[in-house]
Amino acid sequence: MARISSIFSYLGRRQNPTSAHSITPQTRNRNLCTDKFSANSEDALHSHRNPIEVITQGRMLGISGANAISEELKGKPPNLGRKLAENRVTNASEIAKEVWNVIRTCPKWKTTILSDFPSISFTDPSVYSEILRQQSDLFMTLQFYLWLRSLDGFSFDPILCNEMFGRLVEAKDVAKKFLDDREFEIEPWFLELYTRSLCENESIDQVLNVFERLKEIGYCGSLETWNMALSCSVRMGRADAVWKLHEDMVKYGVASDVNTMGCLIQAFCLENNVSKGYELLHQVLKAGHVPVKVVFDNLISALGKNGKYSEVSAVMRKMIVNNCYPDIHTYHEVIRFCRGEMTNEGVRIFDELKKRGHFPNRVMYTTLIDNLCENKDVRGAWRLWFEMIEGGIIPNEFTYNVFVNGLFRNGSVDEAEKLHNEMLGKGLPETTISFNTRIHGLCINSRVEEARVLFEEMNKKDIIRDSMTFNSMIRGYAKQGNTSEAMYFLDELLKQGFEPSSASLVSLIETLCDDGYVNEAKRIWLDMSEKGFNPGDGALSPIVYGLSKQGHIAEMNKWLQYMIKSRVKPKMPTFEKLIECLCGAYKLDDALFVLHYMVEMGYLLRENICYSLVHALCKVNSHHVQTLLLNIVDGTDQHSLLNEPVSQSEGLTPCTDEHIHGSPISSLIGQSALS
DNA sequence: TTAGGGTTAG
């Protein structure tokens with residue numbers, strides 16, 4: 001594979017241009033070790049034999065059983081050999097079995113084993129090798145090994161030791177314990193082997209640890225190993241690990257290839273830095289390299305999520321030009337982000353695929369049914385449902401759950417329950433998710449008591465309840481105005497160690513304030529904040545309004561100021577309700593105080609508020625208040641209550657729909673190689 | 001068919 005080091009210049013800060021071309025001792029080491037690695041790694045990785053058995057076949061070649069040991073020990077004076085010679089023991093493997101029997105049955109074997117076998121010299125390699133050979137339980141083997149290490153005069157044959165480690169790589173936890181034993185010197189290429197094994201099991205943090213260990217001994221793995229680790233980081237969604245590994249790669253002078261670049265593109269996507277990813281893809285293609293398809297697909301997915309639809313089309317064109325054809329996965333990524341207003345575009349792409357003789361699969365149907373339900377097109381969802389079944393695709397728990405959820409959200413409670421029962425009739429299991437879907441579905445349809453029956457049913461059926469289960473119940477009861485039940489479920493949620501969601505806390509606080517329990521609402525707000533939970537911005541407005549309604553004006557001002565200082569912008573109705581309430585109580589100074597905030601935040605003074613103010617002013621007839629009001633409305637009031645006024649447009653990204661029309665994506669389908 | 005895809009709160 002040709003190197004594409006020229007692309008390094010693109011990455012700027014993450015690169016070390018001087019090291020990319022220099023040959024370091026580590027590079028030489030890497031090359032040497034790579035040869036060794038390739039000769040051994042495959043065999044070791046795919047071996048499923050008893051590790052100890054394999055070890056003995058390596059170092060202790062030719063020794064297979066008591067007779068072999070007996071031969072080996074001829075001329076040597078170890079105890080076991082002597083016992084064999086004296087015919088007191090006929091079979092060395094029997095002794096080994098007895099040793100394991102003691103270890104297995106006696107918890108204090110470490111203190112008794114020497115006296116149990118007074119004539120055995122455990123530090124003799126021939127003896128302990130035979131004992132090790134007898135055991136297939138890796139943890140027990142490790143225990144025995146660690147005990148051996150503590151014996152005076154023990155010296156483990158390093159070759160045997162490394163072979164043992166190499167075979168133990170398959171058992172990650174045990175291998176890790178060996179790694180933790182810092183006195184144990186492992187051949188670097190075993191560490192590399194171990195790294196690859198960890199990558200396959202997606203233990204990226206452990207992979208990083210082993211890379212650190214390799215760094216300590218100045219060993220550099222092969223490009224393939226680096227790429228495996230990068231790929232593992234991407235699969236785990238860990239952009240940070242990608243950058244860390246890549247930085248080290250550059251330090252070691254390992255030249256990247258197209259697979260490395262593919263991982264970097266995906267890391268940019270993970271960080272939502274899609275334009276960087278898009279640019280890097282462009283550079284890679286310009287250099288004459290084509291990344292694997294998943295890189296294109298992930299980039300398409302990220303671009304779609306960010307509303308960059310013209311770039312999605314451009315990436316698909318680039319794919320086709322480079323003979324990397326979009327397939328069902330690629331189109332699924334496209335259809336996945338065709339939600340909301342773009343649902344019909346997703347349907348168009350879907351229909352176009354079928355027209356051209358391709359067969360959408362269950363995942364495709366599931367996603368599209370979900371999108372249609374979200375877009376309130378239940379009829380369209382049913383049409384797809386039946387089309388899918390007629391096409392011979394059997395819905396699974398994903399498909400059922402998506403549609404049951406969609407039906408609940410569209411108010412079709414009976415249909416949702418019917419579909420759920422159909423799922424059960426087909427032998428599909430009930431899960432936490434299926435229960436949560438129904439509990440939430442019933443709650444949003446004001447049937448919280450039925451949801452509670454399901455909540456209890458979960459317990460009876462031993463189905464685990466999670467934070468979503470409890471939060472749905474809190475919200476369900478709060479929305480019905482039943483604060484005591486909502487509080488009960490909040491309490492239960494906390495007892496289980498779950499986090500309350502902002503939405504459920506907001507609902508609860510709103511209901512409490514509506515019912516006049518403002519102090520209780522305040523207590524919950526403060527309590528949750530203290531516990532580190534975010535009660536959500538929406539919870540502050542009802543508290544402020546609730547306080548004003550009760551006439552606690554000073555307290556209201558305190559909360560309002562807190563709200564503004566926290567850059568939580570009260571909604572227009574909150575301001576209006578506050579002003580109306582204060583005018584009603586003829587607290588004009590306070591009403592103007594609130595009005596001041598409202599105007600400063602860019603809200604316009606509407607007619608209804610003017611009436612309230614004028615009405616109150618006529619009653620009070622205060623010249624002082626009138627002047628203040630005029631100043632606020634004219635904007636001549638120079639005193640700013642806000643240090644940093646909150647900008648209305650801050651953080652908003654306008655979304656254009658110029659690419660939505662004209663269907664650039666579905667027009668590409670004809671050029672694909674779907675099969 | 002060789003890196004992978006779809007589900008529940010807001």
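**Ground rules**

I noted that this is a predicted model, in which local features need pLDDT of at least 70 and side-chain atom pairs count only at pLDDT 80 or more, while totals for chains, interfaces and linings use all residues. Residues are numbered from 1 along each chain as its sequence is written, chains are lettered from A and ligands numbered from 1 in the order in which they are written, and side-chain values use heavy atoms, with hydrogens and water left out.

**Chain A as a whole**

I looked up the secondary structure of chain A and found 37 helices and 0 strands, where helices (H or I, at least four residues) and strands (E, at least two) are DSSP runs numbered from the N terminus. Of the 675 residues in chain A, 50% are buried; buried means under 20% relative accessible area, exposed over 50%, and partly exposed in between, with a 1.4 Å probe and protein chains only. The chain exposes about 33000 Å², and carbon and sulfur atoms supply 50% of that area, as computed by the Shrake-Rupley method with a 1.4 Å probe, with only the protein chains shown counting as cover for residues. For contacts (heavy atoms within 4.5 Å) between residues at least 6 apart in sequence, I noted that 67% join residues at least 24 apart.

**Helix α18**

I then returned to α18, residues 293–305, whose 13 residues reach 18 Å from the first C-alpha to the last, close to the 18 Å expected at 1.5 Å a residue; the expected span is 1.5 Å times one less than the number of residues. Its buried residues are Val 295, Phe 296, Asp 297, Leu 299, Ile 300, Ser 301, Ala 302, Leu 303 and Gly 304. The cover over them includes α16 (258–270), α17 (274–286), α19 (309–321) and α20.

**Packing of α20 with α22**

I looked up α20 (residues 328–337) against α22 (residues 362–374) and found an angle of about 10 degrees, with the axes 10 Å apart. The angle makes α20 roughly parallel to α22; the axes are lines fitted to C-alpha atoms, for helices over the stretch in contact, and angles run from 0 to 180 degrees between N-to-C directions. Angles under 35 degrees count as roughly parallel, over 145 as roughly antiparallel, 65 to 115 as roughly perpendicular, and the rest as oblique. On the α20 side the contact is made by Ile 328, Tyr 331, His 332, Ile 335 and Arg 336, and on the α22 side by Val 363, Met 364, Thr 367, Leu 368 and Asn 371.

Leaving aside neighbours within four places in sequence, Thr 367 is in contact with His 332, Ile 335 and Arg 336.

**Helix α32**

Which residues of α32 are buried? I found that 8 of the 10 residues of α32 (residues 540–549) are buried, namely Leu 540, Ser 541, Pro 542, Ile 543, Val 544, Gly 546, Leu 547 and Ser 548. Their cover includes α30 (502–514), α31 (518–530), α33 and α34. After α32 comes Gly 551, with a positive phi near 80 degrees.

Arg 567 has a positive phi near 60 degrees, lies in the loop between α33 (553–565) and α34 (572–584), and counts as partly exposed at 38%.

**Two single residues**

I looked up Glu 499 in the loop between α29 (483–495) and α30, and found this residue exposed, with a relative accessible area of 53%. Not counting residues up to four places away in sequence, Glu 499 touches Ser 467, Asn 471, Leu 493 and Phe 533.

Is Thr 195, by contrast, buried or exposed? Thr 195, in helix α12 (residues 188–200), counts as buried at 0% relative accessibility. Its C-alpha atom is separated by 9.5 Å from that of Gly 221, 26 residues apart along the chain.
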